Amino acid sequence: MPVTKTSATAAHQSPSWLPQHLPTISSSRIFAGLDGEEIAKALPCLGARLHSFGEGEYVLREGETTTQVYVLLEGGVNVIREDWWGNRNIITTVAPGGTFAESYACTEGTPLAVSAVTTRASTLLTLKARKIMVGCSSGCPYHVRLTQNLVGDVAQHNLALNSKLTYLSQRSTREKLLAYLSDESRRAASPTFTIPFNRQQLADFLSVNRSAMSNELCKMRGEGILDFDRSRFTLRESPHS
């Protein structure tokens with residue numbers, strides 16, 4: 001069962017959590033180029049707040065609006081679309097250091113066309129998008145960098161969506177799997193890699209039937225194209241050889 005939100009602490013009131021989460025915050029694209037001291041100064045300016053969610057809890061729901069950029073510090077989040085009957089399509093998965101909801105936060109009042117749900121107990125940091133875009137009255141020198149980082153972050157997410165459109169445009173389940181797994185291999189710079197999905201999540205991400213997808217994976221393993229153990233894959237012979 002989902003656990004309700006357990007805390008939402010203003011950064012300037014409870015700075016004690018920062019040392020614990022600073023490595024993950026520093027790894028986020030939003031804070032690229034800022035050192036620990038600059039991040040510590042920036043967080044109060046950005047209206048930073050810390051939130052905790054249980055496994056399976058909705059962080060954001062389709063139809064809501066938000067003015068916050070979300071940074072995942074611990075746990076996991078899937079950004080999803082659900083139809084009337086509850087069938088789920090995973091748009092993207094978020095790992096620690098990753099962000100989501102930037103585009104909606106930057107266009108205030110736009111209803112979300114997606115939802116965000118945790119895959120396990122998670123800790124998130126929220127930042128006010130307007131504070132990133134406009135800056136603060138103190139004239140902090142790192143605000144320009146934060147704005148540039150936000151633009152770059154939105155661009156990266158658009159590129160990821162373009163990649164997913166490439167997968168979905170493939171005609172068959174096999175072609176979708178091969179396109180996705182090939183990209184994951186390139187990202188890992190290795191024929192062996194681990195994907196961020198279990199079988200059901202992978203089927204939801206590629207918009208295919210789980211049973212048909214599992215059968216196709218077994219066929220390709222039998223043909224020597226690939227091997228796998230749960231979420232770990234190794235690509236072998238070319239499917240066209």
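**Notes on the predicted model**

1. Strand β8 (residues 192-194) pairs with strand β10 (residues 232-235) in the antiparallel sense over three bridges. Strands here are DSSP E runs of at least two residues and helices are H or I runs of at least four, numbered from the N terminus; two strands pair if DSSP finds at least two bridges between them. T194 has R232 in β10 as its bridge partner.

2. The model is predicted, so local features need pLDDT of at least 70 and side-chain atom pairs count only at pLDDT 80 or more, while totals for chains, interfaces and linings use all residues. Residues are numbered from 1 along each chain as its sequence is written, and side-chain values use heavy atoms, with hydrogens and water left out.

3. β10 also pairs with strand β9 (residues 226-229), in the antiparallel sense over four bridges. L226 has L235 in β10 as its bridge partner. β9 and β10 form a hairpin with two residues between them, and R230 in the turn has a positive phi of about 60°.

4. Another antiparallel pair is β4 and β5, joined over six bridges. I80 stands opposite I90 in β5. This hairpin has five residues between the strands, and G86 takes a positive phi near 90°.

5. The chain is divided into domain 1 (17-132 + 139-162) and domain 2 (171-235), with bounds from an automatic or database domain assignment. Their C-alpha centres lie 27 Å apart. Seven residues of domain 1 are in contact with six residues of domain 2, contact meaning heavy atoms within 4.5 Å.

6. About 520 Å² is buried between the two domains, and carbon and sulfur atoms give 54% of that area. N89, I90 and T93 supply 69% of what domain 1 buries against domain 2, more than any other three residues. Buried area is the accessible area (1.4 Å probe) that two parts lose on being put together, summed over both.

7. The largest pocket holds about 1,100 Å³ of space. Of its 46 lining residues, T92, T93, V94, H157 and A160 are the closest to its centre. A pocket is an open set of points on a 1 Å grid over the protein atoms alone, where a 1.4 Å probe fits, with protein on both sides within 12 Å along at least five of seven lines; lining residues have an atom within 4 Å of a point. Grid points are joined across faces, edges and corners, and the volume is the space filled by probe spheres set on them.

8. α5 gives the most to this lining, with 11 residues. Domain 1 and domain 2 each supply at least three lining residues.
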